[in-house]
Amino acid sequence: MPDTSPSPLTPTPPPSCMVCSGVAFIPLGAHKGHEIFRCTTCGLCVVHPLPALEQIADIYEDYASNDLYIVKTKKKVARSRKRLKRYMHLAKGKRFIDLGCNIGTTVEAARELGLDAHGIDIDSVSVNTARKIFPAGKYHQGPLETMPADWGPFDLAFFTEVIEHIPDPHAYFEALVPRLAQGAVLYLTTPDAGHWRVPKRFTDWDQVFPPDHIIYFTKDAMTRFLDQHGFDVIRFIWSHKPALKVLARKR
Ligand SMILES: [Zn+2]
């Protein structure tokens, strides 16, 4: 019997890569109807088309699984302290910000270590919790553009597990960079789409869950992206898990 079913529509890739401007993409499949593509030049993987903004906003509204977080709070502060101790010596001053600070565990760790600790997050539940449980830290709720004018310029910024959620990372960095001092150190973590442990079938990777995660960097894509925004990579930190951890310095 001839197959009369319509052939599945070929997914349409983005017109060009937002990092390297490359125009060749490999379709990686879909998750919950969101198609994902890999740029063949820099390896950046993106959901295309981007989910509607309302869909993304919905996630943030109840993003903080805060009951669980509070239970794990002490552990988290200790872990952040360890991480800060490892990298804070690279910074030339004490002004610190955690971008996407959630309930403030890293802000608290930074404060305990003598840094001038700030945190910003768009989620109001998280920020309210942070203010309650770590009242000594300085917090701002809202997008980066609304940060108090007298904050910064920062010497050290943590940006962990956030960029993969942001539809327009270029716009984010355009707002961020003026708030950082020259020579400021950025510590950024995000899933590593170029890691040897990412499953062959990309959508099998446990980090692939659009519309929550929408952009997946590789070392190459991250190096190019940071360079475009005026950062030199100090180094990538080795990770057994498919996690990209990078230290960079603002030129
Ligand atoms: Zn690219």
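Buried means under 20% relative accessible area, exposed over 50%, and partly exposed in between, with a 1.4 Å probe and protein chains only. By that scale, His31 is partly exposed because its relative accessible area is 21%. This is a predicted model, in which local features need pLDDT of at least 70 and side-chain atom pairs count only at pLDDT 80 or more, while totals for chains, interfaces and linings use all residues. Residues are numbered from 1 along each chain as its sequence is written, and side-chain values use heavy atoms, with hydrogens and water left out.

- His31 is part of strand 1; strands (E, at least two residues) and helices (H or I, at least four) are DSSP runs, numbered from the N terminus.
- Apart from neighbours within four places in sequence, His31 has contact (heavy atoms within 4.5 Å) with Val208, Phe209 and Pro210.
- Between His31 and Pro210 the C-alpha to C-alpha distance is 6.6 Å, although 179 residues separate them in sequence.

- The ideal angle for four tetrahedral donors is 109.5 degrees.
- Cys17, in the segment before strand 1 (25-31), and Cys39, in strand 2 (residues 34-39), are 22 residues apart, and the pair links distant parts of the chain.
- Cys17 counts as buried at 4% relative accessibility, and Cys39 counts as buried at 1%.

**Backbone features**

- Most residues other than glycine have a negative phi, and most peptide bonds are trans.
- The peptide bond from His48 to Pro49 is cis, with omega near -5°; Pro49 sits in the loop between strand 3 (45-47) and helix 1 (53-61).
- A cis peptide bond also runs from Gly152 to Pro153, with omega near 0°, and Pro153 belongs to the loop between strand 6 (138-141) and strand 7 (154-160).
- Asn102 has a positive phi, near 50°, in the loop between strand 4 (95-99) and helix 4 (105-112), and is buried at 16% relative accessibility.
- Glu161 has a positive phi near 55°, lies in the loop between strand 7 and helix 6 (169-176), and is partly exposed at 37%.

**Aromatic pairs**

- The whole structure holds 13 aromatic pairs; rings of Phe, Tyr and Trp (its six-membered ring) pair if their centres lie within 6.5 Å, and planes under 30 degrees apart count as stacked, over 60 as edge-to-face and the rest as tilted.
- One of them, Phe96 with Phe158, is edge-to-face, at 5.3 Å centre to centre and 70° between the planes.
- Phe96 is in strand 4 and Phe158 in strand 7, so this pair ties together parts 62 residues apart in sequence.
- Phe96 is buried at 0% relative accessible area, and Phe158 is buried at 1%.
- Phe158 also forms a tilted pair with Tyr187, at 4.7 Å centre to centre and 45° between the planes.
- Tyr187 lies in strand 8 (residues 180-191), so its pair with Phe158 of strand 7 ties together parts 29 residues apart in sequence.
- Tyr187 is buried, with a relative accessible area of 1%.
- Ring pairs also join Phe159, Tyr172, Phe173, Phe217, Phe225 and Phe231 into a cluster.
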